[in-house]
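Here are a few notes to read alongside the structure. Take them one at a time, and find each residue as you go.

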Amino acid sequence: MIRIGIILGSTRPNRKGPQVAQWVLDTASQRVDAEFELIDLRDHPLPHLDEPAPPMFGPSIHAHTRAWAERIAPFDGFVVVTPEYNGGAPGVLKNAIDHAFAEWNDKAVGFVSYGAGGGARAVVQLRTVCSTLGMADVGYQVAISLLTDFENNATFTPREHHSDALHKTLDQVIAWSTALAPLRRPVTVTVTEGTDHDDAEQLSVTR
């Protein structure tokens, strides 16, 4: 079955993200067409990108990066829950994305954002980043207002239309994750040197 990771993209104290991410998980878990799991960036502390070589060039020398890559690799797609800070996505979220490469390739991603203006500008940035990583960013998204969807600026009380928007987003994430599945399967490439096929070498490349 398709597996979707729900990434909670804020780590600051007193963050509102856990309420939003739990709502996404609770809503998604009512479905039978995919499995869903919450990934909290607080559980995966990463330093500012400290790789001597870009992640696209192979496994990291650092245990923290390898652990993060192993955490996200099994998923077929993602829903990113992000606040908007000063017109953009949180640095901690961008940093986590930058710590991996192949683990993002050929997977779908949808967005649930929140902020005074619904977090729309954070998603604009993330779409550019994710598409550059070879991800399919779906058209539907959920934009939650801190002004109208949090009672007393504290308790998340989403309006009814957000649930409809979330299901449409999940529909697209699951559909695209399924459609891209053949690209994520192990690929065997035959490399032949010269004309003697006995010297052919089988290479298995898995993403």
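**Notes on the pocket, the cores and the rings**

1. Let's begin with the largest pocket. This is a predicted model, and in it 19 residues line that pocket, with Pro 55, Gly 58, Pro 59, Ser 60 and Glu 103 lying nearest its centre. The pocket's volume is about 300 Å³. Sorted by class, its lining consists of 11 nonpolar, four polar and four charged residues.

2. Next, look inside. The largest nonpolar core has 27 residues, and Phe 36, Val 81, Val 112 and Ile 144 touch the most other members. At least two residues of this core come from each of strand 1, helix 1, strand 3, strand 4, strand 5 and helix 5. Helix 1 gives the largest share, six residues.

3. Apart from neighbours within four places in sequence, Val 81 is in contact with residues including Ile 6, Leu 8, Val 20, Val 24, Val 112 and Tyr 114. There is also a second, separate core of 24 residues, with Phe 78, Ala 89, Ile 97 and Ala 122 among them.

4. Now the rings. Five aromatic pairs are present. One of them, Trp 23 with Phe 156, is edge-to-face, at 5.6 Å centre to centre and 80° between the planes. Trp 23 belongs to helix 1 and Phe 156 to strand 7, so this pair ties together parts that are 133 residues apart in sequence. Both residues, Trp 23 and Phe 156, are buried.

5. Finally, compare Phe 75 and Phe 78. Their pair is tilted, with 6.0 Å centre to centre and 55° between the planes.

Methods: Residues are numbered from 1 along each chain as its sequence is written. This is a predicted model: local features need pLDDT of at least 70, side-chain atom pairs count only at pLDDT 80 or more; totals for chains, interfaces and linings use all residues. Side-chain values use heavy atoms; hydrogens and water are left out. A nonpolar core is a set of buried Ala, Val, Leu, Ile, Met, Phe, Trp, Tyr and Cys residues joined through side-chain atoms within 4.5 Å. Buried means under 20% relative accessible area, exposed over 50%, partly exposed in between (1.4 Å probe, protein chains only). Helices (H or I, at least four residues) and strands (E, at least two) are DSSP runs, numbered from the N terminus. Contact means heavy atoms within 4.5 Å. On a 1 Å grid over the protein atoms alone, a cavity is a set of points where a 1.4 Å probe fits but cannot get out, and a pocket is an open set with protein on both sides within 12 Å along at least five of seven lines; lining residues have an atom within 4 Å of a point. Grid points are joined across faces, edges and corners, and a volume is the space filled by probe spheres set on the points. Ala, Val, Leu, Ile, Met, Phe, Trp, Tyr, Cys and Pro count as nonpolar, Asp, Glu, Lys and Arg as charged, and the others, Gly among them, as polar. Rings of Phe, Tyr and Trp (its six-membered ring) pair if their centres lie within 6.5 Å; planes under 30 degrees apart count as stacked, over 60 as edge-to-face and the rest as tilted.
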